[in-house]
Amino acid sequence: MASIEFKQVTKTFQQNVVIEDLNLKIKDGSFTVLVGPSGCGKTTLLRMIAGIGPQTSGQVMIGEKDVTNIPPGKRGVSMVFQNYALYPTMTVRGNIEFGLVNHKVKKHERKQLVGSISKSVGLFEYLDRMPSTLSGGQRQRVALARAMVKNPSVFLMDEPLSNLDAKLRAQMRIDLIELHRKLGTTFVYVTHDQVEAMSMADTIVLMNKGVIQQEAPPEEMYRDPNNLFVAQFIGVPPMNISNLGVDHVKFGFRPEKLILSTSPIKSYFSIKGRIVTREMLGSETIYQIRYNDISFMAKSTEDKYQVDQDINVGVQAEDIFFFGENEERIRPD
Ligand code: ATP
């Protein structure tokens, strides 16, 4: 069992309360992504699981065990850091093996393990190379292999892809999903990038200022956000928000749910606006549209509309979200 649970956990740095009275259950075998803006407390949570930044009060459980007083090396967790933290004077083999030497695993067993794990992450031919001679993606794989070799019951990853270029990042996302499927181990992954969260997680925990805003599978987070913060954090470009001219009530609609047409749109709520900017991204085009004194974004698979063109914009009632005074979602009955 490698579920993780935070029970009324508070973390303070000096006098600064970063996390207060937090409760969270992470399911055994899940791929859970902690996401939120910079400084919201994601890394702090991860470090509490690892035991390298213990909580100020409350309890952290791994499986059935209260790990509050258990040192990092005895928690059955492995952590992969953003900067990989490889040993520069050791070969790839030495880096991967390092954790095992410490755990007194016999030499022939070590050799076998390093061999099979390096094959599974595509590093077998690189075992005798030094980290400085590897690409960013290869270094990242060494860091992963080094974590895997310890056969942890929980993998902790702190922005492990942020040093890679966009193409490699996309590939590594797929590799990590496959790795998770293969290992069946609990993955807890920290990122500030909602695209990473949406593409890899089976559960997203979205935080803001030390408080969990919503915990849900990616699709649910997108379809059924709890509040304005979640609605705007998930989705690219973010949800358009306006206040209807009604004090304190806001309404929102996603750029990709807008229908654009040069002729009037029937059976939708619609307005006539004007295109002010156009950004062609390949399969999709992002338009900024002005209507009276508001402007909003639309995302369309049609790239034929031009700047300064008048355009009808429609949205279906079911694609409009409402938020109340406290920014909580007002759901239809
Ligand atoms: P990022 O995405 O920028 O890494 P994060 O969500 O991981 O951000 P944390 O690193 O968990 O955020 O930091 C949460 C808050 O705690 C921040 O306000 C940060 O300044 C503060 N903090 C973190 N570590 C310390 C420390 N050692 N001493 C004092 N304050 C700290």
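Predicted model: local features only at pLDDT ≥ 70, side-chain atom pairs only at ≥ 80, totals over all residues.
Where does Lys106 lie? Lys106 sits in the loop between α2, residues 92-102, and α3. Lys106 is exposed, because 9 other C-beta atoms lie within 10 Å of its own, and a residue counts as exposed when that number is 12 or fewer. If you now look from Lys106 to Ile241, which is 135 residues away along the chain, you will find 61 Å between the two C-alpha atoms.

Let me step back to the whole chain before returning to details. The mean pLDDT of the protein chain is 92, with 98% of its residues reaching 70 or more, and for the complex the predictor gives an ipTM of 0.96 and a pTM of 0.91. The C-alpha trace spans about 75 × 45 × 35 Å along its principal axes, and the secondary structure comes to eight helices and 19 strands. Of the 333 residues in the protein chain, 33% are buried. If we take the contacts between residues at least 6 apart in sequence, 62% of them join residues that are at least 24 apart.

The domain assignment divides the protein chain into domain 1, residues 4-230, and domain 2, residues 242-330. The C-alpha centres of domain 1 and domain 2 are 38 Å apart, and the contact between them takes five residues from each domain. On the domain 1 side, the residues that touch domain 2 are three nonpolar and two polar, with no charged residues.

Helix α3, residues 107-120, has 14 residues and reaches 20 Å from its first C-alpha to its last, which is close to the 20 Å expected at 1.5 Å a residue. After α3 comes Gly122, whose phi is positive, near 70 degrees. α4 is mostly covered, since ten of its 13 residues are buried. The buried residues of α4 are Arg139, Gln140, Arg141, Val142, Ala143, Leu144, Ala145, Arg146, Ala147 and Met148.

That brings me to Ser78, which is found in strand β6, residues 77-80. Is Ser78 buried or exposed? Ser78 is buried, because 22 other C-beta atoms lie within 10 Å, where 20 or more are needed. Leaving aside neighbours within four places in sequence, Ser78 is in contact with Ala147, Lys150, Pro152, Phe155 and Leu156. Ser78 and Arg146 are 68 residues apart in sequence, yet their C-alpha atoms are 8.7 Å apart in space.

I will finish with some backbone features that deserve a look on the screen. Most residues other than glycine have a negative phi, and most peptide bonds are trans. Gln14, however, has a positive phi, near 50 degrees, and is placed in the loop between β1, residues 4-13, and β2. Gln14 counts as exposed, because it has 4 C-beta neighbours inside 10 Å. Glu327 also has a positive phi, near 70 degrees, and is found in the loop between β18, residues 321-323, and β19, residues 329-330. Glu327 counts as partly exposed, because it has 16 C-beta neighbours inside 10 Å, which falls between the limits of 12 and 20. As for the peptide bonds, the one that joins Val236 and Pro237 is cis, with omega about -10 degrees, and Pro237 lies in the loop between α8, residues 228-233, and β11, residues 240-242.

Notes. Residues numbered from 1 in each chain as written. Helix = DSSP H or I, 4+ residues; strand = E, 2+ residues; numbered from the N terminus. Domains from an automatic or database assignment. Contact = placed C-beta atoms within 7 Å. Nonpolar A, V, L, I, M, F, W, Y, C, P; charged D, E, K, R; others polar. pLDDT = per-residue confidence, 0-100. Expected span 1.5 Å × (residues − 1).
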